[in-house]
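Subject: Handover of a structure

Dear colleague,

Please find below the structure that I am handing over to you. My notes on what was found in it follow.

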Amino acid sequence: MSQANRLSQGGQIDRSKQINFTFNGLRYTGYEGDTLASALLANGVDIVNRSFKYSRPRGIVASNAAEPNAIVQLGSTEATQVPNVRATQQALYEGLSARSTNGWPNVNNDAMGLVGKLGGPMMGPGFYYKTFMAPASMWMTYEKFIRKAAGLGRAPNENDPDIYDHYNRHCDLLIIGAGPAGLAAALTAANSGARVIICDEQESFGGSLLETADPLNGKPASEWVSQVVEQLAANNDVLMLPRTTANGYHDHNFVTLHERRTEHLADKAPIAHQARSRMHHIRAKQVILATGAQERPVVYANNDVPGNMICSAVSAYIRRYAVVPGQKLVVTTGNDSGYQAALDWQAAGREVVAIVDCRANPDGDLVKQARQKGIRIIAGSAVFEAKGSKRVTGARVAAVDLNAFTLKGDVEDLGCDTIASSGGFSPVVHLAAHTGARPVWNEEAIGFVPGKVKGVIPVGGVDAIYPLNEVLQSGHQAAVQAIESCGYTLTPLELPKATGRVEGKAAALFQVPHLKSTSRAPKQFVDLQNDVTAAGIELATREGFESIEHVKRYTALGFGTDQGKLGNINGMAITARLLGRTIPETGTTVFRPNYTGITFGAIAGRHAGALFDPERYTAMHQWHLQRGAKFEDVGQWKRPWYFPIGNETMHEAVARECRAVREQVGILDASTLGKIDIQGKDSRDFLARVYTNKWAQLGLNKCRYGLMCKDDGMVMDDGVTTCLGDNHFLMTTTTGGAAGILEWLELWHQTEWPELEVYFNSVTDHWATMTITGPNARDLLSEITDIDLAKDSFKFMECREGMVANVPARVYRISFTGELTYEINVQANYAMHVWKALFEHEETYGLTPYGTETMHVLRAEKGFIIVGQDTDGSVTPEDLGMQWCVGYDKPFSWIGKRALSRPDTRRKDRKQLVGLLPSDPKVVLEEGAQIVFDPKQQVPMKMKGHVTSSYYSPTLGQGFALALVMGGAERMGETVFMPMADGTVYEAKIVSPIFLDPKGERQNV
Amino acid sequence: MFHIYCPYCGEHREENEFRPKGQAHIMRPKDPESCSDEEWADYLFFRDNPKGIHHEMWVHATGCRKFFNMTRDTVSYEILEVYKMGEQPKITAASRVVGGEK
């Protein structure tokens, strides 16, 4: 049997189920019920990693989420790689494959270790900043190597094969933590009628009761746990979530839980379509925080050598996993609970060399027990240095005066291979601190407890309540308070009784002084994951960092993936001592979500791939697909971009489509335009207030182009609005602006002018729009409609209702191309029928479908703007030369009017919309290109504007552009220049932005 | 994520149904043309950024589309009250000082 450290009896493992796994390529075996950490310890694996900065060998320190060293890369295939997994929280499964995160060529012989050893004394805090600062241009190069040397695990290079779920849940009471306090609370609330969710990050419920030596009702505590779990499982109002970490506490009792569903079973979900993990988004009326307390290690020299552990971890490995992680133990402690590790160690049949207690007269019940068992107790002393490099070989002990921070008396060297330390307990306050509530120092408990958060009740260890009976009681009382505040009543309940015991008063033990000064003594580690030492903190305070937040950032204390779960309080205590302050004066740093790392898949959930963002299709989408359209994303819409025939390039297709519109007839699917139905007797008045132009005289069935500004005078949207009745208008908006404009109209109506009777409704999806445009448009439409299309009976900028292809339709005679145009609107579910009816006449009239690219070319030739492309939120109607669309003398001061007379909007040198014709007709300028007046000036040149739209016009036979140019309206005929990144300088002449048919004769035929 | 009571729907809903619209009670001057440039700029651009009590406007964007006001503590993020358009807040920075911190 290779598991040399495994006991033949005890523990909550199944010895009949052997599990094979590999670590750093070597094969090992463990049992069902093991974590990767307990199995590694059982096999006598001392070194599990190399440290982050100094590459020192590191072993397992803890048995839970606080583990700073045993961070592994998991996964047997490339696609299933998971970085930064804590071996202490990873259940063992058959075939598990793990590697150390750091260490090259391997953890036992690490090349960087030499660097750490030689360079170690020089590698203080800020080392990288100080050393690799100059020249700044080299930082990217340095960084690459530093990162490689550091090694923080790696993300997979292949797609994650697993799926992840999101759940939204509501409950009366969320209980975080299923230890004694959490279980007592759940049991109390269970039969009240309240809906309860209880979660715990461990494999099974029970928390400290899974490894405690204390009986409940005279029986092993685990029996009570099984009983409660059974009771809760039978209750329909209770949802139990094991392997579920509450990772973030957000505003108003919104808690994110990460439930790992299959990570204890295999590399990836064993069953098809099974979610690997679930994110539960919980909105709870009340939250009971039962996250317990975390034992702190003691800071002494070489306290990072493998074999240094915390006392509670030693007990947990022995009692829960039947693993004794060594042969000879020395305990160094300042409280009674440290004694338990020694008692468990001795009971497992191995040697306890001594318990070193910094208190002068320890006298609690556990101390007496240890004395009875014949364990040597060295009082008033502490371990100040560990011996050994790849494994502890001894402990150096001396009497200690913590107030004077000195050692006194003789040094005794004890031979041992394991040092278990206990500096006391830190309540796990992280969740309560997530919303910014600062933890509060509890002097008696020597720890920070949660600050007050509305709707959150801390119980048990997290509230610094440690005796088991009191812990159970606090969970019970909190549940009573919580369910009563939710309006439920309590059913009587009897809590189990623990055997009480006398606890001696604990001493505050953080850092043990050394014979040498802190800076000269061997390294005393505070934050094991980030290699932050007591000497580093000392240096930081000497260099003037006084705020704990600054010390944290300078030393990187608590910056690891463990967020300093073991090291932070020690770091704060050391900072406080160095600055001559108390710990509460020094304060804590801020904890932020997430409590432990979460795989990105869980955060994304199903919002990946095709479900990342919804896609919107028009009613004619299938036709476009069959016709081979290329699509463009406009917001969430898929719009046809162009319709290539055969091997046509985009350029060729667009040229053909443009010619078809100018010479025959083209058709555009314009369904995506925003459409807002406006009704009510004050509709017309309202339109006059939100548009820049006049609406008072717009007659029935007449259309008008409107420009909309914000109150700062800048153009925000445009579109055509039609009068469908005295109290009824249909407004169209840009495709992207539709939702925003509806909200904008509601904003003004609801907040400023509620006295106006007007109602708005989005009808974008209800109507499909087909734009037929070109000289043949009238003849084409006349084939399938009963509407009189004669030039003088259905004029430009008018609307008619009638039948098109036997379907009720609204037809608008408006134009975005400058050609004779009819926009046919029908109920969306009839649209495909109408579209196909038009295409029955395809050959007769040369009907050609075109997409957004051709639409852009055609409109730009006419100088029609696209809001958001030719404008950017800093452009007024006047800048666009659209004074014709501004009602300066309207009675109501419409939105944007006042701003047009501000000094800034009156500037003569504002950027104004102009046309550009490149000197070389083959050139198509780059959209976004910066414009200068003098290409020979020194760099940086004075930028005088930019190109907003630029295309090749098959009609003009050359490239052309729209641009915003400072004082452009006054610069007609001048030449401007566009210097490009590659050194080319383009030249163009400023012209009118209307390139084609300036009088608008083509659309009026 | 906030849990917001919509005074029109009469229910608590999740924050992602709502959109914040900035400081509440910004009245557009009745006669903009008689405003000085400074007064108009003040209305357009200047907003309070208080630590503590803040009255702000929200819209139930994917719900009833109604705008409403909220009094919120910008330190604790606690929503102290919601009230409809046209109504005045019951809780203000001044009332808090008079009533004392709870």
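Two residues are taken to be in contact if their C-beta atoms, placed from the backbone, lie within 7 Å. On that basis, 18 residues of chain B are in contact with 22 residues of chain A. Helix α1 (residues 37–45) of chain B gives the most to the side of chain B that touches chain A, with three residues; helices (H or I, at least four residues) and strands (E, at least two) are DSSP runs, numbered from the N terminus. That side of chain B divides into eleven nonpolar, one polar and six charged residues. Here Ala, Val, Leu, Ile, Met, Phe, Trp, Tyr, Cys and Pro count as nonpolar, Asp, Glu, Lys and Arg as charged, and the others, Gly among them, as polar.

The structure is a predicted model, in which local features need pLDDT of at least 70 and side-chain atom pairs count only at pLDDT 80 or more, while totals for chains, interfaces and linings use all residues. Residues are numbered from 1 along each chain as its sequence is written, and chains are lettered from A and ligands numbered from 1 in the order in which they are written.

Confidence
The model scores ipTM 0.96 and pTM 0.90. Chain B averages a pLDDT (the predictor's confidence in each residue, from 0 to 100) of 93, and 95% of its residues score at least 70. Within chain B, confidence is highest in strand β1 (residues 3–6), at 98, and lowest in helix α2 (residues 93–99), at a mean of 74.

Chain B
Chain B has two helices and six strands, which follow the pattern β-β-β-α-β-β-β-α along the sequence. Its C-alpha atoms fill a box of roughly 40 × 35 × 20 Å, taken along the principal axes. Of the 102 residues of chain B, 14% count as buried. A residue is buried if 20 or more other C-beta atoms lie within 10 Å of its own, exposed if 12 or fewer, and partly exposed in between, with C-beta atoms placed from the backbone. Among contacts in chain B between residues at least 6 apart in sequence, 50% join residues at least 24 apart.

Chain A: domains and cores
The domain assignment of chain A, whose bounds come from an automatic or database source, gives domain 1 (1–115 + 133–160), domain 2 (163–293 + 427–485), domain 3 (324–422), domain 4 (516–586) and domain 5 (907–1005). The centres of domain 2 and domain 5 of chain A, taken over C-alpha atoms, are separated by 66 Å.

A nonpolar core is a set of buried Ala, Val, Leu, Ile, Met, Phe, Trp, Tyr and Cys residues joined through C-beta atoms within 7 Å. The largest such core has 105 residues, of which A:Leu40, A:Ala87, A:Val330, A:Ala342 and A:Val383 touch the most other members. Helix α7 (residues 311–321) of chain A supplies the largest share of this core, seven residues. A second, separate core of 99 residues includes A:Ala619, A:Ile667, A:Leu668 and A:Leu820.

Chain A: helix α18
Helix α18 (residues 650–663) of chain A has 14 residues and reaches 20 Å from its first C-alpha to its last, close to the 20 Å expected at 1.5 Å a residue; the expected span is 1.5 Å times one less than the number of residues. Its buried residues are A:Ala653, A:Val654, A:Glu657, A:Cys658, A:Ala660, A:Val661 and A:Arg662. They pack against β30 (637–642), β31 (665–669), β37 (767–773), β41 (847–849) and α24 (852–861) of chain A.

Chain A: backbone details
Two peptide bonds deserve a mention. The bond from A:Pro593 to A:Asn594 is cis, with omega near 5 degrees, and A:Asn594 lies in the loop between α15 (583–586) and α16 (600–604) of chain A. A cis peptide bond also joins A:Val939 and A:Pro940, with omega about 0 degrees; A:Pro940 is in the loop between β43 (930–931) and β44 (945–953) of chain A.

A:Gln563, a residue other than glycine, has a positive phi near 50 degrees. A:Gln563 sits in the loop between α13 (548–555) and α14 (568–579) of chain A, and counts as buried because 21 other C-beta atoms lie within 10 Å. A:Asn806, not a glycine either, has a positive phi of about 65 degrees. A:Asn806 is in the loop between β38 (798–804) and β39 (807–813) of chain A and, with 13 other C-beta atoms within 10 Å, is partly exposed.

With kind regards
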